[in-house]
Amino acid sequence: MILEGKTGKWEIVVGLEVHAQVVSKAKLFSGASATYGGNPNAQVSFVDAAFPGMLPVINGFVVEQAIKTGLGIEATVNEVSVFDRKNYFYADLPQGYQISQYTRPIVSGGKLVLDMPGGATKTVGVTRLHLEQDAGKSMHDQSPSKSYIDLNRSGVALMEIVSEPDIRSPEEAGAYLKKLRAILRYLGTCDGNMEEGSMRCDANVSVRKVGDTKFGTRNEIKNVNSIRFVMQAIEYEATRQVEVLEDGGTIVQETRLWDTARGVTRPMRSKEHAHDYRYFPDPDLLPLVLDPKAIARIKGEMPELPDAKKVRFVEQYKLTPYDAGVLVAEQEQADFFETVAKGRKDPKLAANWVIVELFGALNKKGVGVANSPVSAANLAGLLDLIENDTISGRIAKDVFQIMVETGGDAASIVKEKGLTQVTDTGAIDAAIAKVMAENEAKVAEYRAGKVTLFGWFVGQVMKSTGGKANPAKVNEILKAKLAG
Amino acid sequence: MAELVDLTIAQLRDGLSQRKFSATEVARAYVAAVEKNRHLNAFVVETPELALSQAADSDARLAKGQARALEGVPLGIKDLFCTKGVQTTAASRILEGFKPPYESTVTQNLFDAGASMLGKLNMDEFAMGSANITSHFGPVKNPWKRKDGKDLVPGGSSGGSAAAVAAHIVAGATGTDTGGSIRQPASFTGIAGIKPTYGRCSRWGIVAFASSLDQAGPMARDVRDCAILLRAMAGHDPKDSTSVPTPVPDYEAAMTGNVKGLRFGIPKEYRVDGMPAEIEKLWQQGIDWLKAAGAEPVEISLPHTKYALPTYYIIAPAEASSNLARYDGVRYGLRVPGNSLDEMYENTRAEGFGAEVRRRILIGTYVLSAGYYDAYYLKAQKVRSLIFRDFQEAWKKCDVILTPTAPSAAFGIGENADDPIAMYLNDVFTVPVNLAGLPGLSVPAGLSGEGLPLGLQLIAKPFDEGALFRVGGVLEKAANFTARPGA
């Protein structure tokens, strides 16, 4: 995106830092439950609460999840990485330090391919992915004089995923987050739920004159909790920076917060003291050394990821890249489509039904594929009825509406409502004969050359069969009969 | 028959199994000894009821012929070990009243072997000190007296453990050793003490001082008792990532008494300037004893020895500054209120920590700070590797290394107190062993001109504690150290 300023064109430069909570039963260094939504302080071990003499022990499953994610973004999984302590005091940080990875992360140098509107793609570099502990939660609104601390989140495993400053617009930032979230969900390494905070995003935003090669001074926008807000915050912040610069001001590097209600970014209340985190290797933990065989095994177990699936859908089902892109954006959608399309002569019909009818209906209901009232098997059943001429495409849409409302299966609804398409030529013959007998004048006009009446005859026949006659058959027989 | 409290652990084990006396009788004798020796200030917490109830369990097991390795042996536990339901403070005000809801792995191992606990032993605050004068609960007195009658320090940081063992008010004790905290007090009080290889004993449940250096070990009347205790304490613990999954051998069985053909190294760099002649003399005596037993002395060089103390006083405080951040007044221990969170931190930590602990937190914070990290912490880590490499070179020439344990005998309470550097020099011979992660044993070997005990230190390869017990046993027998405090 190029911003038009008073003094010329400006380019937006964005790098994103995503904190993704690792899907795992237990925390990064303790056996306490890492699930969301427990009663305050119900999921806290002595390690998480930093009792004297407690020691961290790495959760091997979380390490595997990080490896999987690293492979999923086509990055290098480092056979040796190191856990460091990031030291600072805060009431919800029991150890007085966060165990993180500073100079030697577990994953480095990956990339994400973004799907942009119109079928274009853009590659964004991923600098690194490292593992670290989450802090607890401070609640300042429970009492006028006290702060309350919930340590359930303390010690939960996070992956911090840092992009290169390759992003050039709010749309690209949105596409980056969607793609990353899709990959994390495909892999089952993060549920990607931004509302519950299991995926959080900080955006580093700067602007520069188009053509400049040096980056401008950046600001970090913290903890924006939806993709839409990230995009809005970037646009607001970039525009603000251009205004400041064009008015002769300078950008001071600072951390800003997105104010959802007012739609603006504003500086965070400046801390009383600048942080010096005093990183050093955690002496309670040995360097994390990975067995190349384990990495190879995980590589062998990787599921098909969105980019590969999209290519396959185009080839195997002859879909347009756009339709394929829509379907693979979420694994559940892709799986739903494949169940419907399996063994079908016309998989494009399946894609159309899933994308247009199903997604349209789900959107209206505000639910996802996982909660679709129409199961993949039931939608496949409906398409079967179209393909074997039991019902017409038009009737199918009515049947589908009933399926959305009742969750029933197509065959039963068609049977119950008597919607079976009439393909019996005898019945169609009779209907045609009746219509022709009742409209002799029109038949004569047609035969005299007014062939535009054909459509009117079709309509009359369909009407007399309650719309159930097979339109192709009606056309064929009617043409013959009218011809005399 | 000797008094029950004068028996070694090996003798207690034999007497109990032969039913010459009961575990309850032993426990009662020790409970009485603890009460009689309160003037030493060796204990922070006494747990006589616990000791007696554990002894009753031991008697039941003995009656059924199900005695374990330490059945009925009453021990003192350094206050750095978390003990379930029993106050654990690391001798600091900041943890006063803290009762852990868990038991450290090492103490659990000892209790599982049948040992009982007489109480928690005094120590330097957070194990920071070499004289046991930094405890919030006051200094420990050495049961030994100089000719001028002045009260002496027992060494530190495991000063309560050393004093209690030397005064026969516990049969043995746990200690921890970060830079000499087991060996130096053992030397100052005429007892044996071993710092095992780093990773030999679990650190789980031990209040951390400097994680990469801390190691638990036993302190006892003689080398054999240390061997018996260490076997029970040691072992791999999945809860400590730095604990090593190596089997624990029978250390007592290693004490064959035979050192014929063994090569023992004498590091030339340990002849430090200003070392008292009597220390020099004792060292030579040790060399002669081992030679007489058929071992062969070899001169070795540990060229980076002179950098060991400065290296230690960067790495240990750095780790401590981070390890002690958790004592913040938020969740347990002392809280001194303030008008803001930061003020509460400042008030709590200023009042909760003593001067030496504050000094080391400040040093550690400084050496890790941006702009200083490379010059101090990173450089120290590099020197630490060189010190480790010095020892690796030495092992090509010798099987164990013999040195004095400390550069002096016990000094008076108050002496060296206002000169931290002089105090730190106490650990000049012991600190390199921690930096290299090696096992080191202090054996009581002789008396100073003032009639105070002096120890010799043996150092071995990683996980070769067996060699220490074998050579230490021979050294101990030759030294025939029978002197007792106050005798």
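This is a predicted model: local features need pLDDT of at least 70, side-chain atom pairs count only at pLDDT 80 or more; totals for chains, interfaces and linings use all residues.
Trainee: Why is strand E2 of chain B called mostly covered?

Mentor: A residue counts as buried if 20 or more other C-beta atoms lie within 10 Å of its own, and five of the five residues of E2 (residues 74–78) are buried. Both faces are covered, with B:Pro74, B:Gly76 and B:Lys78 on one side and B:Leu75 and B:Ile77 on the other.

Trainee: Which strands pair with E2(B), and in what sense?

Mentor: Strand E3 (residues 116–121) of chain B pairs with E2(B) in the parallel sense over five bridges, and B:Pro74 stands opposite B:Ser116 there. Strand E4 (residues 172–176) of chain B also runs parallel to E2(B), joined to it by two bridges, with B:Gly76 opposite B:Ala173.

Trainee: What makes the path from E2(B) to E3(B) a β-α-β crossover, and what is its hand?

Mentor: Between E2(B) and E3(B) the chain passes through helix H4 (residues 105–112) of chain B, and the crossover is right-handed. The term right-handed applies if, with the strands pointing away from the viewer, the path over the helix runs clockwise.

Trainee: Which residues touch the most other members of the largest nonpolar core?

Mentor: In that core of 225 residues they are A:Ala173, A:Tyr176, A:Ala203, A:Ile234, B:Tyr30, B:Leu75 and B:Val400. Leaving out residues up to four places away in sequence, A:Ala203 touches A:Val14, A:Leu16, A:Ala173, A:Ile221, A:Val224, A:Val230, A:Ala233 and A:Ile234. Another core, of 33 residues, lies apart from the largest one and includes A:Leu379 and A:Ala410.

Trainee: How many residues of chain B are in contact with chain A?

Mentor: With contact taken as C-beta atoms within 7 Å, 35 residues of chain B are in contact with 25 residues of chain A. Helix H10 (308–323) and helix H11 (341–352) of chain B each supply at least two residues of that side of chain B, whose residues divide into 17 nonpolar, ten polar and eight charged.

Definitions and conventions: Residues are numbered from 1 along each chain as its sequence is written. Chains are lettered from A and ligands numbered from 1 in the order in which they are written. Two residues are in contact if their C-beta atoms, placed from the backbone, lie within 7 Å. Helices (H or I, at least four residues) and strands (E, at least two) are DSSP runs, numbered from the N terminus. Ala, Val, Leu, Ile, Met, Phe, Trp, Tyr, Cys and Pro count as nonpolar, Asp, Glu, Lys and Arg as charged, and the others, Gly among them, as polar. A nonpolar core is a set of buried Ala, Val, Leu, Ile, Met, Phe, Trp, Tyr and Cys residues joined through C-beta atoms within 7 Å. A residue is buried if 20 or more other C-beta atoms lie within 10 Å of its own, exposed if 12 or fewer, and partly exposed in between; C-beta atoms are placed from the backbone. Two strands pair if DSSP finds at least two bridges between them.
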